[in-house]
Amino acid sequence: MTRLSVEGAVCRHGLLTAVRGVSFALEAGEVLCVIGANGAGKTTLMRALAGAHPLAAGRIVLDGEDVTGLGTHARLRRGIAMSPEGRRLFPDMTVRENLMIAAENGRAGDWTLDRVLAAFDQLEPLLDRPAEKLSGGQRQAAAIGRALLANPDVLLLDEVSLGLSPAAVEGVYRALGEIKETRAMTMIVVEQDLTCALNFADRILCVTEGAVALEGRPDDFTRAEISNAYFGIHEKESADA
Amino acid sequence: MLDGTAQALIQGVLLGGYYAIIAAGLSLMVGVVRFINLAHGDMAVLGALVTITLTQVLGMPVLLSILLMLPLMGLLGWVMHAVLFERAMKGGLLLPILVTIGLGAALQNAMFGIWGSDTRSLGADIGSLAWEGWFLPGGIILGKLPVIVFCVAVLVIGGLHLMLRRTKLGRAIRATASDREAAEMCGVDAARAHRAAAAIAVALAALAGVFLAMRAQVTPYSGPAQLIFAFEAVVIGGLGSLGGTLIGGIVLGVSQSLGGLISAQASLLTGHLVFVAVLIWRLGRDWSADHGGWHAGLVAQLARRVGRRESGAEQ
């Protein structure tokens, strides 16, 4: 069953076209990793999916419903939640309050505060600490926990490993792996760390200059093919080299 | 002399309660919505005139008039934000200022058209409360009305604080104030949170207007002066800080009251001077923090000027 489909999405920042006709479809429970160099348009694509950036053309369909015209909060209530780049926690609110916001305004479902604390056990002793006093890994855990508490059908995770220590990255992906195993949630993960992305994804989507350069299962491609697409190196240039 | 000073101090603290109520709404708008409503004082006067009309024309008890007026003014705040302020906020920094100046002028003229230019008061409708007080040792008199206004101010600010901390709406308002887009990503309808804050702010302004009409007289053109007092209390207490608003109101009230000991004319002037002093102190503190302290900042400024003069001499 198709959970989410993106059809010819085009996004602009003023005169600059950041996303150029991106299309893909995801089944329920599938995990897609979006990879690409800095400035490739990954974050703009994610923001467009969440409703935080308008589409200049194309459409986004969730469970058969066209959600293109809906705002961010309305999309969350339809089932698309996002943990944005930079985590974007509310710094002067406690971790508990940050989590409660999504629980109160999101959808009812299996993800409760207790379940989030079980998935990210480092959060429990931090519940009453202001979010601004958390480490990078703790912030990422809180941001993902906050998105999960909205009980989404589609979870968008932007730059999961950015700025985290290897141990923190491992912890976050361990928790995400457990969620993935349940196949209850479709995930789109923007990841700059190719190894993490290839290990975690069911499918990868490589974006170069806003357009899809490569799409498929990680096993379908060699590391060199993925690297070439990642850096926008065309086959001819690669052969010449 | 000492009794007079103590009396002035107490009166000033109590007067600060009124300033805190009118400033609390403004502080909420500035801190949460990032919107400066220059018609805030006119909203206070509108609330007062509506209450006076309900009481004196329709014959309702004062308390019932207030209870009826507050939700009406809250609704007005909600609608104004939805149809006017939200659109103005999309037009950059200048447009909200121009729009609310225009709104203030329109409100003043509309109130003049409806109620005329006569001064009006609720003093006669609250009976002995307007003038009765408690006599304390040392000849100090505590007016009942100022004490009630101060208690209401503490309750209002404490209630607002609790609402922002403990309720779903409060958390949504705080999240929206912190990061509107991130709040939307958590399912918060930011526009709705802003409208709710605007409704609370206008209702608070109207409540302050009622207290103004109880202790003094109002005309359709009394609003701008009340706006200035509200602004001064907000700036003295710290922008967007509710607890600071109460302190700011008290500092302003005490300043005016102590200034009144010098002369009647010095009362308002003293309040304004304290406001300017606090503003200069805050700006200086921020400048110092930005330049690594007073000493380092002044040395850097001096070095820059000397360098500029020397390069000018070489040319």
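Two strands count as paired if DSSP finds at least two bridges between them. Keep that in mind as you look at this predicted model, because it is the test behind the strand pairs described for chain A. In chain A, we'll look at an open sheet of 6 strands. In chain B, there are 12 helices and 2 strands, and the domain assignment gives two domains, 2-262 and 266-315.

**The sheet in chain A**

- The strands line up in the order β6-β7-β8-β3-β9-β10, and their pairing is mixed.
- At the edges sit β6 (80-83) and β10 (211-216) of chain A, each of which pairs on one side only.
- On average, neighbours in this sheet are turned by 20° against each other, if you ignore direction.
- As background, strands of a sheet pair through backbone hydrogen bonds, and they can do so parallel or antiparallel.

**Two strand pairs to find in chain A**

- For a parallel pair, look at β3 (residues 31-35) and β8 (residues 186-190) of chain A, which are joined by 4 bridges.
- Within that pair, A:Val34 has A:Val190 of β8(A) as its bridge partner.
- For an antiparallel pair, go to β9 (residues 203-208) of chain A and β10(A), where there are 5 bridges.
- Here A:Thr208 stands opposite A:Ala211 in β10(A).
- β9(A) and β10(A) make a hairpin with 2 residues between them.
- In the turn of that hairpin, A:Glu209 has a positive phi of about 50°.

**Chain B as a whole**

- The C-alpha trace of chain B spans about 80 × 60 × 40 Å along its principal axes.
- Of the 315 residues in chain B, 44% are buried.
- Take the contacts in chain B with a separation of 6 or more: 73% of them come from residues 24 or more positions apart.

**Helix α8 of chain B**

- How far apart are the end C-alpha atoms of helix α8 of chain B? They are 38 Å apart, which agrees with the 38 Å that its 26 residues (190-215) should span at 1.5 Å a residue.
- A residue is called buried if 20 or more other C-beta atoms lie within 10 Å of its own.
- Since 23 of the 26 residues of α8(B) are buried, this helix is largely enclosed by the rest of the structure.

**The two domains of chain B**

- The C-alpha centres of domain 1 and domain 2 of chain B lie 34 Å apart.
- Where these domains touch, domain 1 of chain B puts in 11 residues and domain 2 of chain B puts in 10 residues.
- On the domain 1 side, the elements giving two or more residues are α9 (223-237) and α10 (242-262) of chain B.
- α10(B) gives the most to that side, with 8 residues.
- By class, the domain 1 side has 6 nonpolar, 4 polar and 1 charged.

**Where chain B meets chain A**

- This contact takes 15 residues from chain B and 23 residues from chain A.
- On chain B's side, α6 (168-178) and α7 (180-185) of chain B are the elements that give two or more residues.
- Which element gives the most to the side of chain B that touches chain A? That's α6(B), with 6 residues.
- The residues on chain B's side divide into 6 nonpolar, 2 polar and 7 charged.

Note on methods:
Residues are numbered from 1 along each chain as its sequence is written. Chains are lettered from A and ligands numbered from 1 in the order in which they are written. This is a predicted model: local features need pLDDT of at least 70, side-chain atom pairs count only at pLDDT 80 or more; totals for chains, interfaces and linings use all residues. The expected span of a helix is 1.5 Å times one less than its number of residues. A residue is buried if 20 or more other C-beta atoms lie within 10 Å of its own, exposed if 12 or fewer, and partly exposed in between; C-beta atoms are placed from the backbone. Axes are lines fitted to C-alpha atoms, for helices over the stretch in contact, and angles run from 0 to 180 degrees between N-to-C directions. Domain bounds come from an automatic or database domain assignment. Two residues are in contact if their C-beta atoms, placed from the backbone, lie within 7 Å. Ala, Val, Leu, Ile, Met, Phe, Trp, Tyr, Cys and Pro count as nonpolar, Asp, Glu, Lys and Arg as charged, and the others, Gly among them, as polar.
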